[in-house]
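User: Hi! I have a structure here and would like to talk it through with you. Could you take a look?

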Amino acid sequence: MNPQFETMKVSIFEEMSLAAARHGALNLGQGFPDFGWPDPLLDEAARLVREGSNQYPPSRGLPVLREALTAFYADRQGLTLTPEQFVVTSGATEAIAAVLLAALEPGDGAIVIAPAYDAYAPLIRRAGGHVQEVVLRPPTWQVDRASLEAVITPATRLLVVNNPHNPTGRLLDARELQLLADVAREHDLLILSDEVWEEVLAPGVRFTSLASIAPERTIKVGSAGKIFSLTGWKVGWAAGPAELASVIARAHQYLTFATPPHLQAAVAFGLGHGEWLDGPRHGFARARQRLAEGLERAGYALLPSEGTYFQCVDLRASGIGLDDRAFATLAVEQAGIAVIPLSPFTEGEPERGLVRLCFAKRDETIDGAIAAMATAR
Ligand code: GLN
């Protein structure tokens, strides 16, 4: 078997979810909500299945979904995309895989800004590329020109950006977005902009897509699972310049070929009802505050979170001497709560004193998590 996979670790999300199940622990590790989906989408998907939406759809995605995405992004982000610029995929992770396979040739370099979502590096290597890691540091997690330019070589072909940023919960500011666009232009890099958290924002925070700043070179990745709190549906997409989208579509056709048509059509239906996102947005804002206040009462020091449904805890500043993995093991085995350690998100020299909790949970789950965290220290 291929040693690249034989030696690969199990994803930290899977590892912690399995540990949570094994120990009967609350799971605030892997990011998935336990409320917030619009019920009409469930009814619509069920109706579509019963009425025969069960055979292969077009590989690039149902036209109705690509049209709905075009309208949704024009309305919410002022983007001037067309339906031809979208490729629908089976989740954003497949979109990331398709983009990297389509964009990279053997020997190409791809910049990853760490801590980084754990799929990027293995997929870059699978595509024959090598990872050029830029490591950000807390508490600001700011990107600067010098650290980007320090890793760029003549082989660098692509820059992976994740905004809002998982696992830190940071939003890139206007100056950083412009810097990334400028550096990409100066070195003629493609930008893979993973924007799956674009609709999961703290109150008062505004999101800007890199696709509005560098549309000629940005491939934007999005996720219905994140927008509608239906992570198991695995409906995602990539959108970019039409000639790049066609190449991404070629890569996608030999990954999953297509994505279940009833789910695509139900997502299209939901995208036409932006008002269905208001309730969950308020619910997540309340949950964000409830978890943060509870953790602070329990003596934990928190890092700022402006986007995503994640809250990071600084163990050292909380007076805890354990490293992140040791704390996560103790928390799931003895305190009954699964969290995600941040060190697996950096390949070079990671921070070892931070853990991430998902707050997209009902009040009783949050309260149970706060009580469990209080016993973990
Ligand atoms: N994006 C999710 C998270 O950060 C996990 C996705 C997955 O497990 N594949 O928790």
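This is a predicted model: local features need pLDDT of at least 70, side-chain atom pairs count only at pLDDT 80 or more; totals for chains, interfaces and linings use all residues.

User: Which residues are around the ligand?

Analyst: Phe13, Gln30, Gly31, Thr93 and Asn166 are the residues around the ligand; to be near, a residue has its C-beta atom, placed from the backbone, within 6 Å of the molecule. Residues are numbered from 1 along each chain as its sequence is written.

User: Thanks! How many residues in that shell are nonpolar, polar or charged?

Analyst: The shell has one nonpolar, four polar and no charged residues. Ala, Val, Leu, Ile, Met, Phe, Trp, Tyr, Cys and Pro count as nonpolar, Asp, Glu, Lys and Arg as charged, and the others, Gly among them, as polar.

User: New topic: what domains does the protein chain have?

Analyst: There is domain 1 (3–37 + 277–375) and domain 2 (39–273), with bounds from an automatic or database domain assignment. Their C-alpha centres lie 24 Å apart. The contact between them takes 33 residues from domain 1 and 31 residues from domain 2, counting residues as in contact if their C-beta atoms, placed from the backbone, lie within 7 Å.

User: Which elements give two or more residues to the side of domain 1 that touches domain 2?

Analyst: Those are helix H12 (278–297), strand S10 (310–314) and S13. Helices (H or I, at least four residues) and strands (E, at least two) are DSSP runs, numbered from the N terminus. H12 brings the largest share, four residues. By class, that side of domain 1 divides into 18 nonpolar, nine polar and six charged residues.

User: And how many residues are in the largest nonpolar core?

Analyst: That core has 124 residues, and Val99, Ile191 and Ile337 have the most contacts inside it. A nonpolar core is a set of buried Ala, Val, Leu, Ile, Met, Phe, Trp, Tyr and Cys residues joined through C-beta atoms within 7 Å; buried means 20 or more other C-beta atoms within 10 Å of a residue's own.

User: Why does the core lie between the domains?

Analyst: Because domain 1 and domain 2 both give residues to the core.

User: Last one: what is the strand order in the open sheet of four strands?

Analyst: The order is S9-S10-S13-S12, with antiparallel pairing, where strands pair if DSSP finds at least two bridges between them. S9 (301–302) and S12 (340–341) stand at the edges with a single partner strand each, so one side of each is left without a neighbour in the sheet.

Conventions: A residue is buried if 20 or more other C-beta atoms lie within 10 Å of its own, exposed if 12 or fewer, and partly exposed in between; C-beta atoms are placed from the backbone. Two residues are in contact if their C-beta atoms, placed from the backbone, lie within 7 Å.
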